[in-house]
Amino acid sequence: MKKFVCHIKALKDHHSYGYQIALEDGELDILVIRQGKDVRAYLNHCPHLGIPLNWQPDKFLSVEETHIQCSTHGALFTLEEGYCISGPCRGQSLTALQTEVDELNNLYLVSQ
């Protein structure tokens, strides 16, 4: 599977974005974070409650923009690995998704 997400220029540095990726059997709700040249994607799914992380569209980061934060219970996840460092799901992780950027700077979600 290789699914188009966006053009890399649509991602501002140190921002988070939510995307719904169409699949044959439904949609995949993901979050994408850009930090300089690094782009990371995770399922938009809290490991504690199984609900979306964001409280508004494209709002996944803590106030300090140093962590991904669950809007329901405030759990904090590292940007680099999606590992929960604070909250009821401490020690668990978000589901990381593999991405690829092509020669035209298009970002794709690829199956693992």
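**Close-up views of the predicted model**

View 1. Across the whole structure, 0 disulfides are found (a disulfide is a pair of cysteine sulfur atoms within 2.5 Å). This is a predicted model, in which local features need pLDDT of at least 70 and side-chain atom pairs count only at pLDDT 80 or more, while totals for chains, interfaces and linings use all residues. Residues are numbered from 1 along each chain as its sequence is written, and side-chain values use heavy atoms, with hydrogens and water left out. Cysteine 70 is in no disulfide; the nearest cysteine sulfur, 3.9 Å away, belongs to cysteine 46. Cysteine 84 is in no disulfide either, with the sulfur of cysteine 89 as its nearest cysteine sulfur at 3.4 Å. Cysteine 70 is buried at 1% relative accessibility (buried means under 20% relative accessible area, exposed over 50%, partly exposed in between, with a 1.4 Å probe and protein chains only). Cysteine 84 is also buried, at 1%.

**View 2. The open antiparallel sheet.** 6 strands build an open sheet, ordered S1-S9-S8-S4-S3-S2, with antiparallel pairing. Strands (E, at least two residues) are DSSP runs, numbered from the N terminus. Two of them pair if DSSP finds at least two bridges between them. Strand S1 (2-7) and strand S2 (15-23) are the edges, each pairing on one side only. Neighbouring strands of this sheet are turned by 35° against each other on average, direction ignored. Behind that angle are axes fitted as lines to C-alpha atoms, with angles running from 0 to 180 degrees between N-to-C directions. Strands of a sheet pair through backbone hydrogen bonds.

View 3. S2 pairs with strand S3 (residues 26-35) over 9 bridges, in the antiparallel sense. Tyrosine 17 has valine 32 in S3 as its bridge partner. S3 is then joined to strand S4 (residues 38-43) by 6 bridges, again antiparallel. Glutamine 35 stands opposite aspartate 38 in S4. S3 and S4 make a hairpin with 2 residues between them. In that turn, glycine 36 has a positive phi of about 65°. S4 also pairs with strand S8 (residues 96-101), antiparallel, over 2 bridges. There, tyrosine 42 has alanine 96 as its bridge partner.

View 4. The whole structure holds 1 aromatic pair. Phenylalanine 4 and tyrosine 108 have ring centres 5.8 Å apart and planes at 75°, so the pair is edge-to-face. Rings of Phe, Tyr and Trp (its six-membered ring) pair if their centres lie within 6.5 Å; planes under 30 degrees apart count as stacked, over 60 as edge-to-face and the rest as tilted. The two residues are 104 apart in the chain, with phenylalanine 4 in strand S1 and tyrosine 108 in strand S9 (residues 106-110). Phenylalanine 4 is partly exposed at 46% relative accessibility. Tyrosine 108 is buried at 18%. Lysine 2 lies over the face of tyrosine 108, at 4.8 Å from the ring centre (the criterion is NZ of Lys or CZ of Arg within 6 Å of the ring centre and within 35 degrees of the ring normal).

**View 5. Serine 62 in a loop.** Serine 62 sits in the loop between S4 and strand S5 (67-69). At 4% relative accessibility, serine 62 is buried. Neighbours within four places in sequence aside, serine 62 is in contact with His67, Gln69 and Leu76 (contact means heavy atoms within 4.5 Å).

Definitions and conventions: Helices (H or I, at least four residues) and strands (E, at least two) are DSSP runs, numbered from the N terminus.
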